[in-house]
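This report describes one protein structure. It begins with its aromatic rings and then turns to the whole chain.

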Amino acid sequence: MRFHTVLIILSLLLATSASAQSYISLSLRDADRHPVSGAVVTLSPPNTVGRTDREGKVILRLDQTSGSYAIQIVAGGFHTQDTTLIPGTHTLTLQPVSYQLPAQWVYTAQRQELPADDVAETVTVLDTEHLLRLSPRSVPEALLGMPGVWMQKTNHGGGSPFVRGLTGNQTLLLLDGIRLNNATYRYGPNQYLNTVDALSLERIEVMHGAGSVQYGSDALGGVVHLFTPTPTLSTEGVDVHTRLYGKWMNYDMEQTVRAEASVSTPYLALRLGGSLKSFGDLRAGGQLGTQTPSSYDEYAGDFKALIRLSPTQRLTLAWNGLRQLDVDRYDQVAQRGFETWMFDPQERQMAWARWEINTSIPGLSQIRVTYNQQQNIEARTFQRINNPVRNYERDEVNTQGTSLEIVSRWGQQTQWEAVSGIEAYRDRVGSTAWSILTTDSSRTDRRGLYPDGSAASSLSAFSLLSWRTGKLQLTGGVRLSRYTVDIEDATFGDVYIAPTAAAGHLTARYGQRYQWIAALNKGFRAPNINDLSTFGAFDSGIEVPVQSLKPEHSYTSEIGWRTTGEHLQVSVTGYYTWLVNLIVRAPATWQGNDSLDGDPVFQKQNIDRAFITGTEGKLVWQPARHWRLTQGLAWAYGQNLTRDEPLSRIPPLHGRTVLQYEPLPTTWIALEGLYATLQDRLSGGDTRDHRIPAGGTPGWAIANLRAGYSLRWLDLSAGLQNILNAAYRVHGSGVDGYGRSVWVSARFMW
C-alpha cells in the first residue's frame, strides 16, 4: 500500500499554500512558575478545546484577527479560571486549591470531545499520564485492570478485551475514530488489539454497553477506542522536538526502543515515530516456569501531519503500521499436540485523511470528512508432532472507508447538540492455503480459510441528539445500516446476503455533583465473511460454511449513580443485556457426514438467546495532596437460555486497587493489586476448552509496585511485577500470568 507516501507528499505541498491566521497562545504556570500540563482550555466562540503540553503551552486558532474571546481553563489541583483574551501570546498563573482530582474529557460517547460529567454513557479513560507511568508492553496489557475490562490472552502476542462479558467481533475496536473491525474478525477471543503499538497512543477510552448508534456493527459489549497524538502548530518560527524511549525486562522478556521527532510551524506540524521490540518467552509465576514458545518480534511506525488550510479549516494526514514475526501459540504447542503453531507475519497498517471545517452558520458548527485505507495480513504456520505435513494459511483484508459528519449546536439556556453523518466501508478478502510435505518438499494448494476474492460492504446513516436544560440532559440517537456480503465459493456454493439493521439509544442524566443516569440501548452485529465462509479447524472441531445468516441484536438497560467532587469520584452502574439471534457454532453435517478427518463438523447458525447482567463500580479518592486511592470492581453473570447453561467465557468477579503516593511533583510510587475470584460457571464449550482447567479457573491475586522520577528532559520508570511470584491464569487465556519480574524504562526529551 502506497497511500501513506502520497499523504506525506501532499502534506508538504499543502504547507506552502497555507495562509497566515490569528491565534491565542497560552502558557500556563503555577505559583512557582512551573508549567501546568494537561489543562483543558475551552475557547468560545466557536467552542474549541485544547490541552496544554508538557511545557504548559496550548495554541488555539481563531477565525478572525480582532475581538476578544472567552476562555475557560480546567486543571487538576487548580481553581477553574474564566477569562477574556484577545489574539496573541499570553502567560497565565493558575491559583492552586488544597488538592483536587484531575478533570477528564471523553470523545467516544458523542463523537465529539465533552467533559466526562456531561455524558450519560459509561466511559472509562486511560489518559496520557497513566500510559506514561504504566510503560505497557502492549495495548492489551495497558488495559489490564481497567475498570470493567477483562483482558484474555490466548497467546503472548494477543489480547482480547471483554467488555460486559462480550469480546471478539462482539466488541468494537476503533483507532482515531476509524473502525479496526473488518469482515474476518472472529467470534470469541482474537489477537487484533495487539496490532497497534501502545507507545504510539496518547489515550484509550472504553465505552461500556453502547456504541452501535455511534459506530455501527459489532458494538454489543462496547467500544475500545485508541487515540494517537496530534502534533500542535507553533505560534511563530520552527519548533523541533525529539524523544528517545527504551525499556528492558529481565529474563529477556522485553527489549524495546522507540524514537520520535516532531516539527512545528504556524502552518504545518509533523510527528514521526518508530518502535523496535523483541519479546522473549514469558516466564510465569510459582513453579510454572518459562512458557516456551511464546516469543516474537515487533516493528511499528507512525506518522501524523496537521495542516492549517485557512483560519477555519484544517487537514490531518496520518499513517501507522505494525508488523509482528514468529508470534508463537504456546497453548497449541503445550496442550494440543502441535510441533509448531505461529502467526508469521501478523501485520496491520492504516492511512487516513480528515478535513475539518468550522463555520459560524447557525446549526452547522463543524463539518468533518474522513477517508481511510487499511490492510491486514495474517499468516499462520502449523504442524502436528510426528506429522510430516506443514500447513500454511494467509489472509489479506484490504479496507476502504469514508465518513461525513456534521456537528450542530442551537440555543443558549436550553442547549441542543447533534452529530449526524453517513459512513461507508468496503472489505476485500484474499485467502490462500497450501501444505508442504517436509520429506520431499512437495507442495499441495488448497482452499484458504475463506474463499479468495470475497467482499463485504456497509452503508450507514446516523444521528446523535443531545438536549439539556438545568440539571436534566436527554440524549437519543438512531442508526440505519445496510450490509452486503458477496462470496464466490466453488467448493460450498456462492453466497450473497444484504441484511439491514437498526440501532437506537435513549439516555437520561439528572443532577450536577450527584447524578442519576438511566439508559436504553439497542445494538447489532451484522454477519461477516468469517461467519459465513470459514472452512477450517478450531479447538472443538472443524467449521464449514453456511449459506445465510441474520444480524445479532442486543437490548441493554442500565441505571447508574455517580458523584464528582474535588477529592472524591464514585460511579456505580447496573445493567441487563438481552441477546437474540446469536450466531454460534452448532453441530452440523458436510456431504452427509457429521465428522471430517475425525473431527466433529460445526456450522454457524442464528439459534441462541442469552442474557448478561452485572455491575461495575469505580472509586477515586484523594484524601490528601500526595495520596490517591483508586478502586475498580466488576461482576457479570451470563446465561444461555437456548442451551440452559452458563454463557461461554463470562469473566469472574474481578478488580483492581491502586494506592499512589507523590511526595514531589517529580516523584511518584504506586502499589497495585489485581485480583479475580474462581470462575466455575462453565458452558459446554468452556469444559472442552483446553485453556480452561477442569472445574474452572482458580481465583488469584497479585501485587505490583511501580515508581517514577521526572525532569523536563527525562522520565524514569521502574516496576516490580507479581511481587509474591504467585502462579495464576486469567480466565480463558492460553498463557499464564507474569511471574516475579522487573522492568525499567527511560524517556529522553530534547
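## Aromatic pairs

Rings of Phe, Tyr and Trp, taking the six-membered ring of Trp, count as a pair if their centres lie within 6.5 Å. Planes under 30 degrees apart make a pair stacked, and planes over 60 degrees apart make it edge-to-face. The model examined here is predicted. A search of the whole structure finds 20 aromatic pairs.

One of them is formed by F338 and F382, whose ring centres are 6.2 Å apart. The angle between the planes is 80°, and the pair is edge-to-face. F338 belongs to strand 25, residues 338-361, and F382 to strand 26, residues 364-384. The two residues are 44 apart in the chain, and their pair links distant parts of it. Both F338 and F382 are buried. F338 and F382 also belong to one aromatic cluster together with W341 and F343.

## A stacked pair

Y392 and W434 have ring centres 5.5 Å apart. Their planes meet at 10°, so this pair is stacked. Y392 lies in strand 27, residues 389-410, whereas W434 lies in strand 28, residues 415-437.

Y392 has a relative accessible area of 23%, which lies between the cut-offs of 20% and 50%. Y392 is therefore partly exposed.

## Overall fold

The protein contains 7 helices and 47 strands. Its C-alpha atoms fill a box of roughly 80 × 55 × 50 Å along the principal axes. For 750 residues, a compact globule would have a radius of gyration near 27 Å. The protein has 26 Å, which agrees.

How many of the contacts between residues at least 6 apart in sequence join residues at least 24 apart? The share is 65%.

## Surface and charge

Of the 750 residues, 57% count as buried. The accessible surface of the protein comes to about 29,600 Å². Carbon and sulfur atoms account for 56% of that surface.

The protein has 67 positive and 69 negative charges.

Definitions and conventions:
Residues are numbered from 1 along each chain as its sequence is written. This is a predicted model: local features need pLDDT of at least 70, side-chain atom pairs count only at pLDDT 80 or more; totals for chains, interfaces and linings use all residues. Side-chain values use heavy atoms; hydrogens and water are left out. Helices (H or I, at least four residues) and strands (E, at least two) are DSSP runs, numbered from the N terminus. The radius of gyration is taken over C-alpha atoms; the globule rule is 2.2 Å times the number of residues to the power 0.38. Buried means under 20% relative accessible area, exposed over 50%, partly exposed in between (1.4 Å probe, protein chains only). Contact means heavy atoms within 4.5 Å. Accessible areas come from the Shrake-Rupley method with a 1.4 Å probe; for residues, only the protein chains shown count as cover. Lys and Arg count as positive and Asp and Glu as negative; His and the chain ends are not counted. The place of a charge is taken as NZ of Lys, CZ of Arg, CG of Asp or CD of Glu.
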